[in-house]
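I opened this notebook page to record what I looked up in the structure. The entries follow the order in which I worked.

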Amino acid sequence: MESITNKYLKSLFNSIKSDLIELVNNAEKKPYTTQNNYGSYMQLITMLKPQTGIDNAVKLLIMAGGNKQGILQAKKLFN
């Protein structure tokens, strides 16, 4: 059985999918000024965390096709 958290994330992702993908694509279009572009992902996590929390923000950005290594590096800086 799929967990409630996974259902919530999939539902949330589907409702903001196009906006989230656009944000990730814009971040990836910028020249990398940090390793794996973690600087841009820090900004996106900061923007999303009040509504979703850090862990869900990370998962959503990965679901949107973001650079997983960069996103996980950015997450470490919040701990």
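**Entry 1: Cover over H3**

I began with helix H3 and found that its buried residues are covered by elements that include H1, H2 and H4. The model I am reading is a predicted one. The buried residues of H3 are Asn 56, Ala 57, Val 58, Leu 60 and Leu 61. Just after H3, I noted that Gly 65 takes a positive phi of about 95°.

**Entry 2: Asn 56**

A polar atom of the Asn 56 side chain lies 3.2 Å from the backbone oxygen of Thr 52. Leaving aside neighbours within four places in sequence, I listed Thr 5, Tyr 8 and Leu 9 as the contacts of Asn 56.

**Entry 3: The largest nonpolar core**

I next examined the largest nonpolar core, which has 17 residues. The members that touch the most other members are Leu 20, Tyr 41, Ile 45, Leu 60, Leu 61 and Ile 71. At least two residues of this core come from each of helix H1 (4–29), helix H2 (38–52), helix H3 (54–63) and helix H4 (68–76). H1 gives the most, with six residues. For background, I noted that nonpolar side chains tend to be buried together in soluble globular proteins.

Which residues does Leu 20 contact, leaving aside its neighbours within four places in sequence? I recorded Phe 13, Leu 48, Leu 60, Leu 61 and Ala 64. Of these, Leu 60 and Leu 61 are also listed among the buried residues of H3.

**Entry 4: The loop between H1 and H2**

I looked up two asparagines in the loop between H1 and H2, namely Asn 36 and Asn 37. Asn 36 has a positive phi, near 55°, and is a residue other than glycine. Asn 37 is likewise not a glycine, and its phi is positive at about 65°. I then checked their accessibility. Asn 36 is buried, with a relative accessible area of 18%. Asn 37 counts as buried at 0% relative accessibility.

**Entry 5: The segment after H4**

I turned to Asn 79, which is found in the segment after H4. Asn 79 has a relative accessible area of 76%, and the cut-off for an exposed residue is over 50%, so Asn 79 is exposed.

**Entry 6: The chain as a whole**

I closed with the overall values. The protein chain has four helices and zero strands, and its pattern along the sequence is α-α-α-α. Its radius of gyration is 12 Å, close to the 12 Å given by the globule rule for 79 residues, so the chain is as compact as a globular protein of that length. The C-alpha trace spans about 40 × 30 × 20 Å along its principal axes.

Buried residues account for 32% of the 79 residues. Of the contacts between residues at least 6 apart in sequence, 61% join residues at least 24 apart. The chain exposes about 5100 Å², of which carbon and sulfur atoms supply 54%.

As to confidence, I noted that the chain averages a pLDDT of 93 and that 97% of the residues score at least 70. Confidence is lowest in H1, with a mean of 92, and highest in H4, at 97.

Note on methods: Residues are numbered from 1 along each chain as its sequence is written. This is a predicted model: local features need pLDDT of at least 70, side-chain atom pairs count only at pLDDT 80 or more; totals for chains, interfaces and linings use all residues. Side-chain values use heavy atoms; hydrogens and water are left out. A nonpolar core is a set of buried Ala, Val, Leu, Ile, Met, Phe, Trp, Tyr and Cys residues joined through side-chain atoms within 4.5 Å. Buried means under 20% relative accessible area, exposed over 50%, partly exposed in between (1.4 Å probe, protein chains only). Contact means heavy atoms within 4.5 Å. pLDDT is the predictor's confidence in each residue, from 0 to 100. The radius of gyration is taken over C-alpha atoms; the globule rule is 2.2 Å times the number of residues to the power 0.38. Accessible areas come from the Shrake-Rupley method with a 1.4 Å probe; for residues, only the protein chains shown count as cover. A polar contact is a pair of N or O atoms within 3.5 Å; within protein, one must be able to donate a hydrogen and the other to accept it, and residues adjacent in sequence count only if both atoms are side-chain atoms.
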